[in-house]
Structures are given as structure tokens and as C-alpha cells.
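Here is a briefing on one protein chain. Look at the sequence and the structure first, then read the notes by topic.

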Amino acid sequence: MVSLYGSQSNKADTYIDGSDDGAPVSRLRDLDAFGFEVSNNPMLCSMTGDLVAGHRSVVRHDPDGDNEIPLGVVGRRRGALQNSDVLDFLEEVAGNNGIEIKANRWGHVKSGAVCWVQFGVNGEMFEPVRGDEVHREFIAMWGHDGTTKCS
């Protein structure tokens, strides 16, 4: 695997990495870009100290334990979406349909509030016009902060 942007820290506001060879979904689970978990925590009003009944704060927890980053605010009924669950879902859907996917680029923005992966599909390409090769790809995007509709 040839890393393209690996010098950035996954704790940076924007993180991008990739592979020219394509990484299997199982490899993405081990990468720093998606190696954090999120939780939805009760919110307190800073003026009164009372709980805010209808909302929860979304917090990123890094595996090393020393870093908690607030990602956003969501409604009280929205569950915490884990990166590993999204990657499992994508791998299962592709596998059930006989599709081989490999990650070409991946990363997150807003310190992990929105995550994304660009996948190559079956390593195939086609030529709609002779000499103009097109690779089949798709992008999966999900959000932890309540701002994305595709989460």
C-alpha cells in the first residue's frame, strides 16, 4: 500500500489519506482515521446547570484515552453511529451483491464530525470513448454531528 497523505495527524481538523493499490475495508477499521468511537452525552445548560431535555452532545473518544473532542449536537433520540458499524455495513452490502470494493482515499473533516471513503469497485474500468478510461468508484459519507443527511 502506498500512502499518499499519511503525514497528517488523525486528530487534525481535516485528515486525508489513501492508497494507490486500494485498501480492503478490513484495513480501514485499523486506521487512525476511523479508530475512534463516539458517544452521545447529556447536555447541561451553562447558565442554569440544568439538563437540556431534547438534545445530546456528540463526543469523539480516541483509543489512547487522552483526547475527547466535541463534534456537535443531535436530538435525544439519535443514536451514536460508530465508524466500525458503517464500514461493516458497506462491506456486507458489497459482499452480498458480489462486488469487491477497495478504498482509494479516505478521511474526515471537522475533527471526525464527517467521515468519508472513496471506493474503487471491482478494480474495473470501461471506455465510453476509445482511449478515455473511466474507473468505477463511489463515495460513502457519514456524519456524527447531525449536519449530514447521509448518516
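Val74 is found in strand 4, residues 68–75. Strands here are DSSP runs of E with at least two residues, helices are runs of H or I with at least four residues, and both are numbered from the N terminus. This is a predicted model, in which local features need pLDDT of at least 70, side-chain atom pairs count only at pLDDT 80 or more, and totals for chains, interfaces and linings use all residues. Residues are numbered from 1 along each chain as its sequence is written, and side-chain values use heavy atoms, with hydrogens and water left out.

- Val74 is buried, at a relative accessible area of 4%. Buried means under 20% relative accessible area, exposed means over 50%, and partly exposed is in between (1.4 Å probe, protein chains only).
- Val74 touches Asn40, Gly54, His55, Arg56, Val58, His144, Asp145 and Gly146, not counting residues up to four places away in sequence. Contact means heavy atoms within 4.5 Å.
- Val74 and Asn40 are 34 residues apart in sequence, and their C-alpha atoms are 8.1 Å apart in space.

**Asn83 in helix 2**

- Asn83 lies in helix 2, which covers residues 83–96.
- Asn83 is buried, with a relative accessible area of 0%.
- A polar atom of the Asn83 side chain lies 3.5 Å from the backbone oxygen of Phe34. A polar contact is a pair of N or O atoms within 3.5 Å; within protein, one must be able to donate a hydrogen and the other to accept it, and residues adjacent in sequence count only if both atoms are side-chain atoms.
- Neighbours within four places in sequence aside, Asn83 is in contact with Phe34, Phe36, Cys115, Trp142 and His144.

**The largest nonpolar core**

- The largest nonpolar core has 25 residues, and Leu28, Phe34, Trp106, Val117, Phe119 and Trp142 touch the most other members. A nonpolar core is a set of buried Ala, Val, Leu, Ile, Met, Phe, Trp, Tyr and Cys residues joined through side-chain atoms within 4.5 Å.
- Strand 1 (15–23), helix 1 (25–28), strand 4, helix 2, strand 5 (101–109), strand 6 (114–129) and strand 7 (132–143) each supply at least two residues of this core.
- Helix 2 gives the largest share of this core, four residues.
- Phe34 is in contact with Leu28, Asn83, Leu87, Trp106, Gly107, Cys115, Trp116, Val117 and Trp142, leaving aside its neighbours within four places in sequence.

**Aromatic pairs**

- The whole structure holds two aromatic pairs. Rings of Phe, Tyr and Trp (its six-membered ring) pair if their centres lie within 6.5 Å; planes under 30 degrees apart count as stacked, over 60 as edge-to-face and the rest as tilted.
- The rings of Phe34 and Trp142 have centres 5.6 Å apart and planes at 40°, so this pair is tilted.
- Phe34 lies in the loop between helix 1 and strand 2 (37–44) and Trp142 lies in strand 7, so the pair ties together parts that are 108 residues apart in sequence.
- Phe34 is buried at 4% relative accessibility, and Trp142 is buried at 2%.
- Phe119 and Phe138 form a stacked pair, 5.1 Å centre to centre with 25° between the planes.
- Phe119 in strand 6 and Phe138 in strand 7 are 19 residues apart, and their pair links distant parts of the chain.
- Phe119 is buried, at 0% relative accessible area, whereas Phe138 is partly exposed, at 31%.

**Charged side chains**

- There are three salt bridges. A salt bridge is a side-chain nitrogen of Lys or Arg within 4 Å of a carboxyl oxygen of Asp or Glu.
- Arg105 and Asp20 meet in a salt bridge at 3.8 Å, N to O.
- Arg105 lies in strand 5 and Asp20 in strand 1, so their pair ties together parts that are 85 residues apart in sequence.
- Arg105 is partly exposed, with a relative accessible area of 24%.
- Asp145 and Lys110 meet in a salt bridge at 3.1 Å, N to O.
- Asp145 lies in the segment after strand 7 and Lys110 in the loop between strand 5 and strand 6, so their pair ties together parts that are 35 residues apart in sequence.
- Asp145 counts as buried at 5% relative accessibility, whereas Lys110 is partly exposed at 40%.
- Arg60 forms a salt bridge with Asp62, with the closest N and O atoms 2.8 Å apart. Arg60 and Asp62 are both buried.
- The charged end of Arg60 also sits over the ring of Phe36, 4.1 Å from the ring centre. A charge sits over a ring if NZ of Lys or CZ of Arg is within 6 Å of the ring centre and within 35 degrees of the ring normal.
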